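Please examine the sequence and the three-dimensional structure shown below. The paragraphs that follow lead through selected local features, beginning with the backbone and ending with the aromatic rings.

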Amino acid sequence: QVQLVESGGGLVQAGGSLRLSCAASGIIVSINVMGWYRQAPGKQRELVATISSFGRTNYADSVKGRFTISRDSAKNTVYLQMNSLKPEDKAVYYCNANPTEDYWGQGTQVTVSS
């Protein structure tokens, strides 16, 4: 059974940094496309970043140059390093895997104060 467990969210001032982690079980992150999504209050869930099995990364325009997705195969964990955070980055961040169907973590809250 696939399980994704996010951690690392919290409250940070604008301009600050956070690193989110997604610990996976039931799948191997290095051979699957892994992604981070976010959902702000009253808005639809949106793609933030993905990393392919080849290590190719893709980012939403709104986070390019500020966020970095990476993975640690030994820990079977995917990370999202978020720098230069802005108030509009406030959202619940979800880890996603889609080996055959969509799997989601429970989400981790990120709040950015201005």
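A residue is called buried when its relative accessible area is under 20%, exposed when the value is over 50%, and partly exposed in between. The model discussed here is predicted, and these cut-offs are applied to its residues below.

The backbone comes first. Most residues other than glycine have a negative phi. Asparagine 76 has a phi near 50 degrees, a positive value in a residue that is not glycine. This asparagine is found in the loop that runs between strand E7 (67-72) and strand E8 (77-82). Is asparagine 76 buried or exposed? Its relative accessibility is 15%, and therefore asparagine 76 counts as buried.

Serine 84 also has a positive phi, near 50 degrees, and is likewise a residue other than glycine. Its place is in the loop between E8 and strand E9 (91-97). With a relative accessibility of 40%, serine 84 counts as partly exposed.

The discussion now turns to the aromatic rings. A pair of aromatic rings is described by the distance of the centres and the angle of the planes. How many aromatic pairs does a search of the whole structure find? The search finds 2. In one of them, the ring centres of tyrosine 37 and tryptophan 104 are 5.0 Å apart and the planes stand at 75 degrees, so this pair is edge-to-face. Because tyrosine 37 belongs to strand E4 (residues 34-39) and tryptophan 104 to strand E10 (residues 103-104), the pair ties together parts that are 67 residues apart in sequence. Tyrosine 37 has a relative accessibility of 21% and so counts as partly exposed. Tryptophan 104, at 34%, counts as partly exposed.

Tryptophan 104 also pairs with tyrosine 94: the ring centres lie 6.4 Å apart and the planes are at 90 degrees, so the pair is edge-to-face. This pair links distant parts of the chain, since tyrosine 94 is in strand E9 and tryptophan 104 is in strand E10, 10 residues apart. Tyrosine 94 has a relative accessibility of 13% and therefore counts as buried. Through these ring pairs, Tyr37, Tyr94 and Trp104 are linked into a cluster.

Over which ring does the charged end of arginine 45 sit? It sits over the ring of tyrosine 94, at 3.7 Å from the ring centre. Arginine 45 also lies over the face of tryptophan 104, 4.5 Å from the centre of that ring.

Methods:
Residues numbered from 1 in each chain as written. Predicted model: local features only at pLDDT ≥ 70, side-chain atom pairs only at ≥ 80, totals over all residues. Heavy atoms only, no water. Helix = DSSP H or I, 4+ residues; strand = E, 2+ residues; numbered from the N terminus. Buried < 20%, exposed > 50% of the residue type's maximum accessible area, 1.4 Å probe, protein only. Phe/Tyr/Trp six-rings, centres within 6.5 Å; stacked < 30°, edge-to-face > 60°. Lys NZ or Arg CZ within 6 Å of the ring centre and 35° of its normal.
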